[in-house]
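This briefing goes through one protein chain, topic by topic. Keep the sequence and the 3D view open while reading.

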Amino acid sequence: MAETVSGPAGGPDAHHEPGDQYANAPLPERLTVGGWRVALIIASFSISLPTFLNGAQTSLALGLWPAVLAAFLAGACLCLGGCLTSLVAVRSRLNTYLLIRRSFGRGGAGLVNVIIAAVHFCWFGVNVSFLGDAIAAAGEGFGFAPDFPVVVICGAVLMALTTLVGFRALDRLAMIGVPLLAAMIVAVCVAAARRHGIVLAAPAQSEFHMTFGIALSALIGADMLTITTLPDLSRYTRTPRGAVMSMALSYPITAPLLMAGAGIAALATGETDIMRMITGFGFGAWALLLLVMPTWTLNSLNLYSASLSLPRPSRACRAGPSSCWAR
């Protein structure tokens, strides 16, 4: 039977405790923000180092324009799914965990949320390794060789501390990190076009092989976890119209633009690693350090959603299940 959130006081803060990011209660209206700010955070999923790598490999397999078309179609599909989950979040002000409990009940939601949290933690590990690579490459440019495991551990700790601040930290990080990486991708594209010219066709012999359908499926599948957990962020959007706008300003625009940027650079150089491109074009070690901020943003988002997928019971919940949920 479906479950609904209720509380003794009947207000949005009935089950809220300081620091829990409203994991067990609806978000109050006073904490909501404009849709464009949520869109900037969501865009950080598309403008990221793993997505650049995926875009470069897709372009080397299909060529520039088919890859951009696949990215646009994938962005449109993700936008549609994101609008649905975001509208539910705006109307209910609930996070993904609570919405899943409404749909699957306590038992079914436990399994689903454990899987979601596990995938977020796996992506956290992937992205923190990108962070380690960027800092290690920057260190070599400055004349020293940082220890990779130490860099990864320190980076993971700093990201975890940022996540404790919650949505405000994600908002600030996105406002800095997304423009930085976007500017760096533009600079790499310009440098690649000047040195090698603009190449549109895939190389005759490429180590990356995929059809258009496989590329489209991979691009959609790579962000399905984001669509599922969008309520964690979209609940902060002030209006339903703002929620739809945040989706329209993110996936359908950022995905094709990043694909075009990654494709121009990859097809011109035959390289898929943006860090090697940066060093190859002589941007210097400081440019490599710019890659830290967007990776930091993305991993803080992973930890944020993972923590909400496995929330601790509120004080009201610890008094008994009936004080938290009513059937």
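In which loop is Arg-93 found? Arg-93 sits in the loop between H3 and H4. The model is predicted, so local features need pLDDT of at least 70 and side-chain atom pairs count only at pLDDT 80 or more, while totals for chains, interfaces and linings use all residues. Residues are numbered from 1 along each chain as its sequence is written, and side-chain values use heavy atoms, with hydrogens and water left out.

**The chain overall**

- The secondary structure consists of 15 helices and two strands; helices (H or I, at least four residues) and strands (E, at least two) are DSSP runs, numbered from the N terminus.
- Of the 327 residues in the chain, 52% are buried; buried means under 20% relative accessible area, exposed over 50%, and partly exposed in between, with a 1.4 Å probe and protein chains only.
- Among contacts (heavy atoms within 4.5 Å) with a separation of 6 or more, 86% are between residues 24 or more positions apart.

**Helix H3 and the residue after it**

- H3 covers residues 64–92, and its 29 residues should span 42 Å at 1.5 Å a residue, which agrees with the 41 Å between its end C-alpha atoms.
- The expected span is 1.5 Å times one less than the number of residues in the helix.
- Gly-75 lies in H3 and counts as buried because its relative accessibility is 0%.
- Leaving aside neighbours within four places in sequence, Gly-75 is in contact with Tyr-251 and Pro-252.
- Gly-75 and Leu-216 are 141 residues apart along the chain, and their C-alpha atoms are separated by 9.7 Å.
- Arg-93 follows H3, and its phi is near 60°, a positive value in a residue other than glycine.
- Arg-93 has a relative accessible area of 5%, so this residue is buried.

**Nonpolar cores**

- A nonpolar core is a set of buried Ala, Val, Leu, Ile, Met, Phe, Trp, Tyr and Cys residues joined through side-chain atoms within 4.5 Å.
- The largest core has 65 residues, and those touching the most other members are Phe-52, Ile-185, Val-188, Leu-233, Ile-274, Ile-278 and Leu-291.
- A second, separate core has eight residues, including Phe-124, Val-128, Ala-156 and Leu-303.
- Beyond neighbours within four places in sequence, the contacts of Phe-52 include Ile-185, Leu-258, Ala-262 and Ile-274.

**Helix packing**

- Two packed helices are described by the angle between their axes and the distance between the axes.
- Axes are lines fitted to C-alpha atoms, for helices over the stretch in contact, and angles run from 0 to 180 degrees between N-to-C directions.
- H4 (residues 96–141) packs against H5 (residues 148–165) at about 125°, with the axes 9 Å apart.
- That angle makes H4 oblique to H5; angles under 35 degrees count as roughly parallel, over 145 as roughly antiparallel, 65 to 115 as roughly perpendicular and the rest as oblique.
- Where H4 meets H5, the residues of H4 include Phe-124, Val-128 and Gly-132, and those of H5 include Val-152, Gly-155 and Ala-156.
- H5 packs against H14 (residues 292–309) at about 60°, with the axes 9 Å apart, so H5 is oblique to H14.
- Among the residues making this contact are Met-159 and Thr-163 of H5 and Trp-296 and Leu-303 of H14.

**Ala-287**

- Ala-287 is part of helix H13 (residues 285–289) and counts as buried at 7% relative accessibility.
- Not counting residues up to four places away in sequence, Ala-287 touches Met-184 and Ile-278.
- Ala-287 and Ala-138 are 149 residues apart in sequence and 8.1 Å apart in space, C-alpha to C-alpha.
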